[in-house]
Amino acid sequence: MFYPSQSPAISHKLAHPHHVNVQDQSPWSRNVNHTHTHHPQQSIGPPPPSPGYPLYTNGAVNSIQHHPHHPLSHPPLPPHQHQNSLSHYPSPPNGHIHPQHMGQASPGSVGSQIITPHWQQQLLKCEMIRSSRSSHHRARASAMASRTVIKSAIPITNPNLVKPSTSTSVDITESSSKDPPGTPSSTPALSAGESSPGVANSVVNHPSSTVAPIAEAPRPTAKPPQNTWNSLDMGGINIKNIPPSSGLFKFTFLINLYLNHNALTSIPAGIAKLRHLELLDLSGNNLSTVPAELGMLTQLKELYLFDNHLVTLPAELGSLHQLQTIGVEGNPIDTSLKAIVQKDGTPALISYLRDSCPVPSPPPERLWKSLISPQEREALAADPATETLSALCYNILCEKYATERLYGYTPSWALSWDYRKELILTEIMNYDTDFLCLQEVDIAQYEDYFVKHLQGQGYEGIYWPKSRYKTMSDADRRQVDGCATFYKADKYCLVERHLIEFSTVAMQRPDFKKTDDMFNRVLGKDHIAVICLFEVKETGTRIILANAHIHWDPAYRDVKLVQVALLVDEIEKIAANFARMPPRPDTPRAPVYSDGSKIPLIICGDFNSVPSSGVYEFLTNGSVPPDHPDFMSHLYGRYTTDGLRHRLGLRSANAAAGELPLTNYTPSFQGEIDYIWYSTANLAVNAVLGEVDRGYLEKVVGFPNAHFPSDHVCVISEFRVKPPRPPALLPTAS
């Protein structure tokens, strides 16, 4: 990058007219024994490119390093006299200050020969930011760079050029579509320490809807609102104050925001509303603190705080798990914090802040929503014939999936299984429901922890892991998750249990066997459901309870719909057989069920589907057409020729009180995907557990955290059994 003028604090750095070789130990310390001459127009070569973030975007995406010699990229400026210049805070990387350099030297100029790649990146980015202190620098540079270039009317091609293969052309297309114009095909990557923690190898087949098996690039995130521009440059215009009511915080679509080189002394907490920001530049102001609410901007990848008065950083910044660079140079920052950045880079500092952050205040207890009046509840309690039952549904987040790579915003101590398991067990035992339907329980957790502790509370369990366990060694299969169902053994008798492996059931359907989509999309998923048949010991009333975990990926909406359709088909078959079973001899007054639809049915699970999905529509309405958008034009036998239908008369338990705003809460997804469905013909809802306090949610970036041990929250409903209706009597002939 071309620097037309330098801060007086770094004038000695450019003693010789050559490009800096960033592979040397220290580009500034090589010449400490030479006579230093100030060259205001000296070119020192480009710094490493920023990791793909445009300096200003308005139609075209252009980064400043792509146009280093444009007149408006670096207009001539007077020497930088900012009061926070490095000359005020000389702080060499190794913590030693050489007196002969005091007053004129920046940290990079000291006699030490040790400058880590992390700190070298920090210094280079700092100088790049300092060169951008003119008013609206990025906006003007972007406007010039986006001017169209007149192309030749006649394209000149090489007739001997060998046409690349199909696979090669796809790779080239994808690469060019992701890179801004002018970016070389192989962009130099940041050093390992400065790269985001999410870049390395990912966990495969994560079942949550919130995060894919990630390398960082394809990580699904909430998209910002559509707008024709997403960058705002307010740099270098002497802004002294941003009021908390500023309209700036209504621009929630912003991805890049530049407030650098102004006269700001504070940043309002309202900046937390700009949840989609990926780059925020607050350099060159008069900030002595930054708000803790910056920690809510979990999409941030670049946070520049160069040349301010910052002595420390709020621990809440530890939730910025995608941050690649935090610019702290030019601040009288605490030496321990600075040393972390110098030695191990930004991710290490974020991890330190995250794990040292104080625990926030706990949320208020979730309140019950009663769907019957107090008088009705008293009447039901006084009626000995009334039968009530309760069910809890909870995806507990399997230990194998609870990794820092997927949940980098969660303190490591709060992510550990030893901490989370105690919260999970305490929560489900406190609610004391008749049935517990848990998902993402691995074999080791089930056998070694849950069975041991829940047996003491009168529960017995049924468990099956996902299908993949069949192909694994004994040691590996203990980490395979599955569905665990517990019931109060003193009240209910287990009659039968059935495992539904969706891929196996699909293969058994003759109309599916010749479907390519079945082989390519459905059969590779090993999700399961467990169906249990119970009888109430005292009355003989029968209950069917299903516990399901449906595929997570939004790109496979068709698979979700097929899996749920297969589940409903199997439930109808099992219910019909259950209705034909004779009552137990010790329950002579047990109800008689003419068909399976008369038996009370509860379906619990993580359906990974929002209320607007085809899955929700199918279960609620009892049908979806064969051309439903969620089939995504794929072919699944009769499902896509005749449509889906069922006669179970289902409804979501939370529907009457209003669906919960969310059952899954992470930075990239907040929504309802866990449900308890019930058969309306023979069950009615008494109460449901309400939502998590919204005021609390506004202050935390996502779950799990110190108070919520999973990225899901539990769903609980209390039901009463409707007495079976006698068959209608036909009128007799007179």
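Reader: Which residues is Asp281 in contact with, leaving aside its neighbours within four places in sequence?

Author: Take the partners one by one. Asp281 is in contact with Ile129, Arg138, Leu257, Tyr258, Leu259, Asn260 and Tyr304, once neighbours within four places in sequence are set aside. Keep in mind that this is a predicted model.

Reader: Where is Asp281 found?

Author: Asp281 sits in strand β5, which covers residues 279-281.

Reader: Is Asp281 buried or exposed?

Author: Buried means under 20% relative accessible area. Asp281 has 0% relative accessibility, so it counts as buried.

Reader: Now a helix. How many residues does α1 have, and how far does it reach?

Author: Helix α1 spans residues 117-130, which makes 14 residues. From first C-alpha to last, α1 reaches 20 Å. That is close to the 20 Å expected at 1.5 Å a residue.

Reader: Why is α1 largely enclosed by the rest of the structure?

Author: Because 13 of its 14 residues are buried.

Reader: How much space lies in the second largest pocket?

Author: First, the general idea. Rolling a probe the size of a water molecule over the atoms shows where empty space is left. Here, the second largest pocket holds about 1,200 Å³. It is lined by 49 residues, and the closest to its centre are Met296, Glu698, Lys699, Val700 and Val701.

Reader: Which elements give two or more residues to that lining?

Author: They are β20 (664-666) and α15 (694-697). Helix α15 supplies the largest share, four residues.

Reader: What is the lining of the second largest pocket like by class?

Author: The lining has 26 nonpolar, 15 polar and eight charged residues.

Conventions:
Residues numbered from 1 in each chain as written. Predicted model: local features only at pLDDT ≥ 70, side-chain atom pairs only at ≥ 80, totals over all residues. Heavy atoms only, no water. 1 Å grid on protein atoms, 1.4 Å probe; cavity = no way out; pocket = protein on both sides within 12 Å on 5 of 7 lines; lining within 4 Å. Points joined across faces, edges and corners; volume = space filled by probe spheres on them. Nonpolar A, V, L, I, M, F, W, Y, C, P; charged D, E, K, R; others polar. Buried < 20%, exposed > 50% of the residue type's maximum accessible area, 1.4 Å probe, protein only. Contact = heavy atoms within 4.5 Å. Expected span 1.5 Å × (residues − 1).
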